[in-house]
Amino acid sequence: MASILDIPRNQSAVVRHVGGDRSFRRRIMEMGLIPGTAIRVVGVAPLGDPITLAVRCGRISIRKDEASVVEVVT
Amino acid sequence: MNSPLPLVALIGNPNTGKTTVWNALTGNHAQVGNYPGVTVERRVGWMAIPGGNGVNLLDVPGTYSLVARTGEEQIAIKAVLGLQGQLGPELVVVCVDATNLERSLYIVLQFLEFGMRVVVALTMVDEAAASAPDPEKLSARLGCKVVPLAAHRRQGLDGLRAAIATALKDDVPPPSWRWSPSPILRSKLDLITESLPAEWPKNDATALWALMSVGAEDELVGIPPALRAAVAIDDKAAQPLDDEAIIGRYRWLDTEIHPLVAKPPDRLRTERIDRLLIHPVSGLMIFAVLMFSIFQALFLGADPIITAIEDVFAWVGAGVRSTLPVSMFTDFVVDGLIAGVGAVVVFLPQILMLFFFLGLLESSGYMARIAFLMDRLMRTMNLHGRAFIPMLSGFACAVPAIMATRTMERKRDRILTMMVIPLTTCSARLPIYTLLIASLIPATLVGGWLPVQGLMMVGMYGFSIVSTLLVAWVLSRTLRPLRAKRLPFVIELPPYRMPIFGDVVRMMLRRAGSFLTDAGRIIVVGSIALWALLYFPRPSPEALSSWRTELAANDTGAPEDVEGLERGFRLEQSYAGRLGQAMEPVLSPLGFDWKIGVGIIGAFAAREVFVATMGVVYGIGGDVDEQTPRLRDRIRAERHRDGSVVYTPLVGITLMIFFALACQCMSTLAAVRRETRSLAWPTFLFGYMTILAWVVSFAVYQGGRMLGLG
């Protein structure tokens, strides 16, 4: 199964399932990243982590650990 | 009868321009209180509305959702439901960012589920331009008033006031849900509703809040055990129920609201700027230059102003002394009161500067990028990415740095940062280092070109950076309230926006004002107490005359500074002098004598005062600084009673290490007391740093002696 980490830079994908622990899931889903949402990987921080996603009309930054548990369909 | 003004809450996602709306509506005149249990300001300001006496507007901290995990996040729900003895608002004004419509409307749906009067303040309509939704249509779909605003241009404010006035006259609407709970969720909600505390509204929305917020790992306060028992759900079982609510709301937003946005808002400008500012090379370079500039401004730029303030207070003190008769009262007014007030005012330049910069960084959107850029580095010490600026500022002065920890929303992050900031090499340590290095470290070159004295100074900075990071690492792994939990790092990178100057200045003045009134009071009282410790008891006339006789008898013929020697004698007789002598058994294992002990006590007023106190102790008066050759000579010449040298280079290094690690600064403790609103944290800070300083100094001194260095 592909995760956010498998999306090439500046490419879009659609969220299939949000994994991770409850507080992470709740937070990111309440910010609009839910199954069916199209997201795009905008960039990676200079030190390699975290990454930035375009979600709906905003930009959200999450760590790679947590990005790896968000499944997507490319 | 004079009925109280209606309470209206102002709330919204972070970065939706809520502060600008608040300032525009209330003129920033607010009564500031505190939310019980958390160190977050509760601001209520009066605002005018047409056809009434106005309303009280409550500023609720920005949040994406009412669901909470921590005490800080819980503020929103408490404010909205009026829990803990506070009045609930009659109406909620929600700031909704027109450039990020669906996400910022999510919380509006939560309010509608509670059945609250809601007015939507649609902000940033100028920025959204063509992608802003039609307010009428949006209003029709949501079933509440929508007022478009461009608050920084003061457009739409009258419309908002009118909408609030009208809505307050409407009936309170019934709860309105845009999705239907499944039978499983339905039965769970019914069960929880039964166990809600009596003062909470008994409705489905409150039950849903409890279901989504209460869990095994939450840090909520005031949740009764009966409610916990009713919720009793493990994370796995909670997952489908959380999903149902969140997805249910967003499905509605996607089908009903999304079509109102004609085209996606233009993010090109922000994307372009980000390409530069979070780029691996240019991003880090610009970051370094920005941080360096802020640091230089605090470190060097504030210096002339600080000197001027010190001069003014010295001048006022001298003026008062010359008009009042020589008396204990005059000494109190000049050396206790005026000097104490001076010790507070002297922090203002750096506080104003730092909060001005923080305001610019926050409102431009760059602050979120700092957290993004620094997260990888800072999290190895379990620190928040936003802790970077406070810690950097600590190298100028710990007091503004501790106040700057407010940019972090979680208490644990703030406190951990506050606990390590005083370990950074603040500028007040430099006079001590300079004096000791110049007096005791030979001015030779290593390998023919590297000056030892300069290396020593660099070494002290290196030592401070390592100890700061190490202590953060250790504290975050040992102390329960500071322990790093698996906290999700989900931050928004908001669009870059032009900072609104008025808002930045208002915030800056507010912070400076609260420093003067809260921390300032403690510092003045502390300064006076310290003055008394160094001043009392006065030697009796008999003791003084016998001291003079003795001095005359021992006259070696060399020119003597009698006045300076007398001040030294008085200090020796004071409580501080006696305390120093009493402390000698604790200090001698570090190679310090009682005179250094007195200096350490005096340094509690501010570390650099150590230099002046040593001047008095050594009988050459307090009017010395680290450059005074006489003080340096005197230090080198100082002998123990057995004739051995007091200040060996090893003692000098040990003393520097002691000052690097000890929390020898009451203003720092006052600032921590102010920011944590507790006595426990400043006490812990002082305690752990003093013990650490003693232990490390002991190891350095005794280790050095074993190696034959002392």
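An open sheet of 6 strands runs in the order 5(A)-1(A)-2(A)-3(A)-4(A)-10(B), with antiparallel pairing. The model is a predicted one.

User: Which strands are the edge strands of this sheet?

Analyst: Look for strands that pair on one side only. Here these are strand 5 (70-73) of chain A and strand 10 of chain B.

User: How are neighbouring strands turned against each other on average?

Analyst: Ignore direction and take the angle between neighbours. In this sheet the average is 40°.

User: Which helix packs on the sheet, and which strands does it touch?

Analyst: Helix 16 (residues 366-378) of chain B does. It touches strand 3 (51-55) and strand 4 of chain A, and also strand 10 of chain B. The direction of helix 16 makes about 145° with that of strand 10 of chain B.

User: Now the joint between the chains. In which sense do strand 4 of chain A and strand 10 of chain B pair, and over how many bridges?

Analyst: The sense is antiparallel, over 3 bridges. Strand 10 covers residues 490-492 of chain B.

User: Which residue of chain B stands opposite Ile62(A)?

Analyst: Val490(B), in strand 10 of chain B.

User: How do I read the size of an interface?

Analyst: It is often given as the accessible area lost when the parts come together. The contact takes 30 residues from chain A and 37 residues from chain B.

User: Which elements of chain A each supply at least two residues of the side that touches chain B?

Analyst: Helix 1 (22-30) and strand 4 (58-62). Helix 1 of chain A gives the most, with 9 residues.

User: How do the residues on that side of chain A divide into nonpolar, polar and charged?

Analyst: Into 12 nonpolar, 7 polar and 11 charged.

User: Step back to chain A as a whole. How many helices and strands does it have?

Analyst: Chain A has 2 helices and 5 strands. From the N terminus on, their order is β-α-β-β-β-α-β.

User: Why is chain A called as compact as a globular protein of its length?

Analyst: Compare its radius of gyration with the globule rule. The radius for chain A is 11 Å, close to the 11 Å the rule gives for 74 residues, so chain A is as compact as a globular protein of that length. Along its principal axes, its C-alpha trace spans about 30 × 25 × 25 Å.

User: What share of chain A is buried?

Analyst: Buried residues are 54% of the 74.

User: And what share of the contacts in chain A with a separation of 6 or more comes from residues 24 or more positions apart?

Analyst: That share is 53%.

Terms used:
Residues are numbered from 1 along each chain as its sequence is written. Chains are lettered from A and ligands numbered from 1 in the order in which they are written. This is a predicted model: local features need pLDDT of at least 70, side-chain atom pairs count only at pLDDT 80 or more; totals for chains, interfaces and linings use all residues. Two residues are in contact if their C-beta atoms, placed from the backbone, lie within 7 Å. Helices (H or I, at least four residues) and strands (E, at least two) are DSSP runs, numbered from the N terminus. Ala, Val, Leu, Ile, Met, Phe, Trp, Tyr, Cys and Pro count as nonpolar, Asp, Glu, Lys and Arg as charged, and the others, Gly among them, as polar. Two strands pair if DSSP finds at least two bridges between them. Axes are lines fitted to C-alpha atoms, for helices over the stretch in contact, and angles run from 0 to 180 degrees between N-to-C directions. The radius of gyration is taken over C-alpha atoms; the globule rule is 2.2 Å times the number of residues to the power 0.38. A residue is buried if 20 or more other C-beta atoms lie within 10 Å of its own, exposed if 12 or fewer, and partly exposed in between; C-beta atoms are placed from the backbone.
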